[in-house]
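Me: Please take a close look at one part of this model, the place where the two chains meet. I would like one connected account.

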Amino acid sequence: MPMRASYELELKQVYDNLISMCRHIEIAIEKCTQALVQRDNVIAAEVFKEDKLVDGLEHDIEQCCFKILLMEHPVAGDFREITAALKMITDLERISDQARNIAEIAMQFGDEKYIKKLEHIPQMAVLTIQMVKDGVLAYINRDLALARSLEKADDKVDELFKVVMRDLTELIRKDPATAEQAILFMMITKYLERIGDHAVNIGEWVEYAITGSHGAEES
Amino acid sequence: MGKNAISVKDCNLHYGSVPALKNVTMDIRERKVTALIGPSGCGKSTFLRIFNRMNDLIESCRITGEILVEGNDIYASGVDVIQLRKTVGMVFQKPNPFPMSIYDNIAFAPRTFGIRKKAELSEIIERTLYRAGLWYEVKDRLHQSALGLSGGQQQRLCIARALAAEPRILLMDEPTSALDPISTGTIEALIMELKAEYTIVIVTHNMQQATRISDKTAFFLLGELVEYGGTQKVFSNPFDGRTESYITGRFG
């Protein structure tokens, strides 16, 4: 067997698990928003299952990376690829937790009519799903431009966050009775905003894997 | 910024008509550990041997360029090679103690340089054996044959023997490749200690060793110095694709 064959094989396993982790997170973000919009607790509960799967995958990838570090002593590009994967999965796991948190909050609204029409939150969900997907794809395809595009994408998420915050503040001001729901919506929006930040972190680790310098270092 | 112990400019070396080093320019910092890495036949040992003119022993060897050791051109006419080798000590791959007592091995260089007084010799022997981390293991059998020592002890004896000449630069040509991991660890720890006082240049095939002990790493390929930089940089983000290919095992 050529010297690098076992390394390439193990790295392939990391890639496969990362893609799978990414897929479950997309579903989790999609479903937590769906649960909120459709007021469906069954869908919310499904998010918990996705989160469990993500946790398991994080553990598998971690073990695989540890094994590569121990057995293969990767250096240079290989080393950066493995350490970046190890850092990325922490962000991915957090994202999954946040989807779970959103699902939990979605279950707390009960039967009361929503104080506002949901438009920005689903938009934020669509954007963040794309960001997570792009982050993982950038890693696998070593696509530096895509990795660097995440920062810009996050600006849109941040803008929507501000819009929602403004709307909710206005609602509370007009009718303090909306405060209870407004706080729940606010938390959901904050979680989505955080998901965007984690996706940016992923982009920075991809940049490190490709170039050797971490995006955050330069700013 | 430290001073350069060794400064090499446009060095070319041929064995007969075969080029072994091509236009190598490189400065080696004082009191740092510099690792030379590269595949077999890349010229790294040849390069190491330039610094104490070990290549003089090979008749077909021709060398051009400027080689300064502590600012002095060591290939200038009239250079005292014995004095040079006093300043630039060498430790080889296979431990090579002389077939004599531990005491006489260490006393060899000081005696060569004219030290005869017993008290003075004993002091040098204790100090250098202590410096090489061997004193407590051998102090009760200084007059027994050095060949009775273990491989790791023999190599530390060779380091002590080199230190007894009071060099300022130590060249090491794969000093641990014949040793087990424990002896290797001892020697590596010793190298880390010695760099406070000595400039160390080490040829190694062990990448982990280079990352563990060296401050700077130079990668040679086909007689060319491909890359030279801080060890952490070279092993985490080399600038040359050939370095990356070599250290990640993509060659051969």
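Reply:

**The interface of chain B and chain A**

About 900 Å² is buried between chain B and chain A, with carbon and sulfur atoms giving 52% of that area; buried area here is the accessible area (1.4 Å probe) that two parts lose on being put together, summed over both. This is a predicted model, in which local features need pLDDT of at least 70 and side-chain atom pairs count only at pLDDT 80 or more, while totals for chains, interfaces and linings use all residues. Residues are numbered from 1 along each chain as its sequence is written, chains are lettered from A and ligands numbered from 1 in the order in which they are written, and side-chain values use heavy atoms, leaving out hydrogens and water.

Chain B brings 10 residues to the contact and chain A brings 10 residues, where contact means heavy atoms within 4.5 Å. The rule finds 1 salt bridge across the interface, that is, a side-chain nitrogen of Lys or Arg within 4 Å of a carboxyl oxygen of Asp or Glu. A salt bridge joins the side chains of B:Arg250 and A:Asp78, at 3.8 Å from N to O.

On the side of chain B that touches chain A, the elements giving two or more residues are helix H9 (231-236) and helix H10 (241-247) of chain B; helices are DSSP runs (H or I, at least four residues), numbered from the N terminus. By class, that side of chain B has 3 nonpolar, 5 polar and 2 charged residues. Ala, Val, Leu, Ile, Met, Phe, Trp, Tyr, Cys and Pro count as nonpolar, Asp, Glu, Lys and Arg as charged, and the others, Gly among them, as polar.
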